[in-house]
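User: Hi, I'm new to this one. Could you walk me through it?

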Amino acid sequence: MKKLKVLIADDEEFLQEIYEMILETEHPCQFVRVANGDEAIAALKEHLDFDLIISDYNMPGANGGKIYLFNKEHQNVPFFLFSAGELSDYPEFSDFQSTNNLNHFFSKPFNENTLLEATNLIQKKVDQMNSSSL
């Protein structure tokens, strides 16, 4: 099983830790944490090998929508958006599911099992890509 490289963009350190703890129960992971959207975009420019982006919507600097749009135009890495609102509240996500079928929206509070199920699909895809390149 290949280690997943995950970018976590959230201004709440407590939530960053929760995402890490949940994912690490089933997946080997390497995490890069950032506290705002501007740092997330900088990390995406610097590292081209992320397997997953976990992002809050409301953060200082660029919001989750700006991170999503940047990602969509560049790497199109699977994107998990966490928000207390609804996906339809954010017009920049109108093509969210069609852009990448592994994208997933989580309404806060979120279900841990749903997060793991969505991550399992990404792990499966990463492992398949990794085994086909050997």
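Analyst: Happy to! A word on terms: contact means heavy atoms within 4.5 Å, and helices (H or I, at least four residues) and strands (E, at least two) are DSSP runs, numbered from the N terminus. This is a predicted model, where local features need pLDDT of at least 70, side-chain atom pairs count only at pLDDT 80 or more, and totals for chains, interfaces and linings use all residues. Residues are numbered from 1 along each chain as its sequence is written, and side-chain values use heavy atoms, leaving out hydrogens and water.

User: Which residues in H2 meet H3?

Analyst: Gly37, Ala40, Ile41, Leu44 and Lys45 do, and their partners in H3 are Lys66, Ile67, Phe70 and Asn71.

User: And how do the axes of H2 and H3 cross?

Analyst: Helix H2 (residues 37-46) and helix H3 (residues 64-73) have axes, lines fitted to C-alpha atoms over the stretch in contact, that come within 9 Å and cross at roughly 15°. Angles run from 0 to 180 degrees between N-to-C directions. H2 is therefore roughly parallel to H3 (angles under 35 degrees count as that).

User: New topic: where is Asn36?

Analyst: Asn36 sits in the loop between strand S2 (29-34) and H2.

User: Is Asn36 buried or exposed?

Analyst: Buried, with a relative accessible area of 15% for Asn36; buried means under 20%, exposed over 50%, partly exposed in between, using a 1.4 Å probe and protein chains only.

User: What does Asn36 touch?

Analyst: Not counting residues up to four places away in sequence, Asn36 touches Met59, Pro60 and Ala62.

User: Which backbone nitrogen does the side chain of Asn36 reach at 2.8 Å?

Analyst: That of Glu39; the Asn36 side chain also reaches the backbone nitrogen of Asp38, at 3.0 Å.

Note on methods. Angles under 35 degrees count as roughly parallel, over 145 as roughly antiparallel, 65 to 115 as roughly perpendicular and the rest as oblique. A polar contact is a pair of N or O atoms within 3.5 Å; within protein, one must be able to donate a hydrogen and the other to accept it, and residues adjacent in sequence count only if both atoms are side-chain atoms.
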